[in-house]
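Student: Could you walk me through this structure bit by bit? I'd like to ask as we go.

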Amino acid sequence: MTVAVIVRSRRRSTRRPVAQPGAAASEASVARWPPVPILGTPTAEDLERYAAEPSIFERPAIQMVFGGGQKREPLDEATRRRLTRWGAAGLALCLLAVGSQALESATFSKDSGLETSGEISYEPCIAAPCWAAELEQAPATDDADYPEPTQVGETQEPSLDADCRPESRNPRVRKLDATMTRAVNRQWQRIEAWLKVHAPKSYRTLSKPGKAESIAAAEAETGLRFPDDLWASLLRHDGAAVADDTWAFGFLGNWNLSLQEIRDTWRGLCEIDGEDEEEMADPRSDWWDGRMLPFGADGMGDHLVIDSVKRDVGETDHEGSMSFTPGGVRIRSYYALLKATADALENGGSIGYWKPRTVADELDWDVRERD
């Protein structure tokens with residue numbers, strides 16, 4: 001009797017319920033929605049393959065910084081110390097850069113490096129005078145070893161140029177002021193950047209850096225103290241040289257002399273000056289004096305010079321005169337000439353009546369006509 005009950009229960013469990021006609025139609029409509037995609041249902045592997053890349057803002061590091069106030073895991077002590085040190089170092093570097101720039105600006109912006117001559121007047125080449133706005137003047141160096149020569153009185157017998165016969169001395173490499181070196185390099189960077197874009201042929205004529213030992217030897221040979229701004233400039237570019245039939249780079253229609261050319265030119269001009277009858281009372285009124293340092297030449301016997309005593313820039317004329325208003329302006333230092341050139345190149349301006357321009361990727365200097 002017990003067996004019969006078990007069989008009956010199994011048969012009852014295998015029976016399928018009979019669905020009503022209305023219910024079957026409803027179930028069929030539900031099974032057809034949503035419709036199956038034409039290309040089939042994507043598998044789990046397909047979904048993983050074509051899943052969208054996570055946004056960069058979902059990365060843990062970005063979430064840690066830009067979490068927007070959301071609760072995040074606290075930083076461990078080592079990470080917190082490391083971030084604090086990096087932040088302090090970055091802030092210190094920013095303050096150092098700002099302080100250095102402010103110190104340099106305060107040092108070199110006290111006075112204009114150029115002055116207009118009273119005899120020559122020109123209209124500004126742009127809205128503001130391109131060679132007079134915000135010009136910086138290089139600081140004066142110690143003149144104790146090189147005092148201003150005493151002028152020869154009327155009762156004194158004139159003598160030959162003693163500056164062309166310096167006493168022998170040992171070369172000495174001196175340490176330049178770091179602020180001066182940075183200022184000179186900054187103006188050269190402006191000039192180089194402009195030449196690369198507008199006059200690449202002239203840029204390729206710039207020579208490699210000079211050596212401090214060679215500059216010290218030139219000082220010993222000439223008996224003259226090279227101004228610090230000229231020294232720093234020679235350490236960046238030892239003059240310029242003709243390259244691929246391109247006129248060497250220089251200022252105001254001249255090319256920059258190398259250190260060897262400065263020594264040779266100084267010696268040659270002193271030999272010519274030694275043949276003159278007498279030295280004039282004012283060394284700056286003669287066509288040449290041994291205390292001048294020639295750093296530029298135009299190829300026709302004229303030179304740009306620096307007075308090693310007063311440190312301003314002048315020009316000599318082979319016909320027998322010397323002027324310290326080249327281009328109709330007074331240039332108080334070699335650094336002032338560097339900055340005035342960089343300003344004129346970048347602003348399309350001029351230095352007095354000298355205006356730089358480019359011809360076939362080469363720098364050229366034009367003489368502006370008086371208005």
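Tutor: What follows is a chat about some helices, strands and contacts here.

Tutor: This is a predicted model, in which local features need pLDDT of at least 70 and side-chain atom pairs count only at pLDDT 80 or more, while totals for chains, interfaces and linings use all residues. Residues are numbered from 1 along each chain as its sequence is written, and side-chain values use heavy atoms, with hydrogens and water left out.

Student: OK, is strand 4 mostly covered or uncovered?

Tutor: Strand 4, residues 303-307, is mostly covered, since five of its five residues are buried. Buried means under 20% relative accessible area, exposed means over 50%, and partly exposed lies in between, using a 1.4 Å probe and protein chains only. Strands (E, at least two residues) and helices (H or I, at least four) are DSSP runs, numbered from the N terminus.

Student: And which way do the residues of strand 4 point?

Tutor: His303, Val305 and Asp307 point one way, whereas Leu304 and Ile306 point the other way, and all are buried.

Student: What does strand 3 do with strand 4?

Tutor: Strand 3, residues 292-297, pairs with strand 4 in the antiparallel sense over five bridges, where pairing requires that DSSP finds at least two bridges between two strands. Methionine 292 stands opposite aspartate 307 in strand 4, and in the hairpin of these strands, with five residues between them, glycine 299 takes a positive phi near 85 degrees.

Student: How many bridges join strand 4 to strand 5?

Tutor: Four bridges join strand 4 to strand 5, residues 313-317, and the two run antiparallel. Leucine 304 stands opposite glutamate 315 in strand 5, and arginine 311, in the turn of this hairpin, has a positive phi of about 70 degrees.

Student: Switching topic, why is helix 9 largely enclosed?

Tutor: Helix 9, residues 228-236, is largely enclosed by the rest of the structure because seven of its nine residues are buried; among them are Asp228, Trp231 and Leu234.

Student: Which residues touch the most other members of the largest nonpolar core?

Tutor: Phe226 and Phe251 do, out of the 60 residues in that core. The largest share of this core, nine residues, comes from helix 11, residues 334-347. A nonpolar core is a set of buried Ala, Val, Leu, Ile, Met, Phe, Trp, Tyr and Cys residues joined through side-chain atoms within 4.5 Å.

Student: What does phenylalanine 226 touch, then?

Tutor: Not counting residues up to four places away in sequence, phenylalanine 226 touches several residues, including Trp231, Leu234 and Leu293, where contact means heavy atoms within 4.5 Å.
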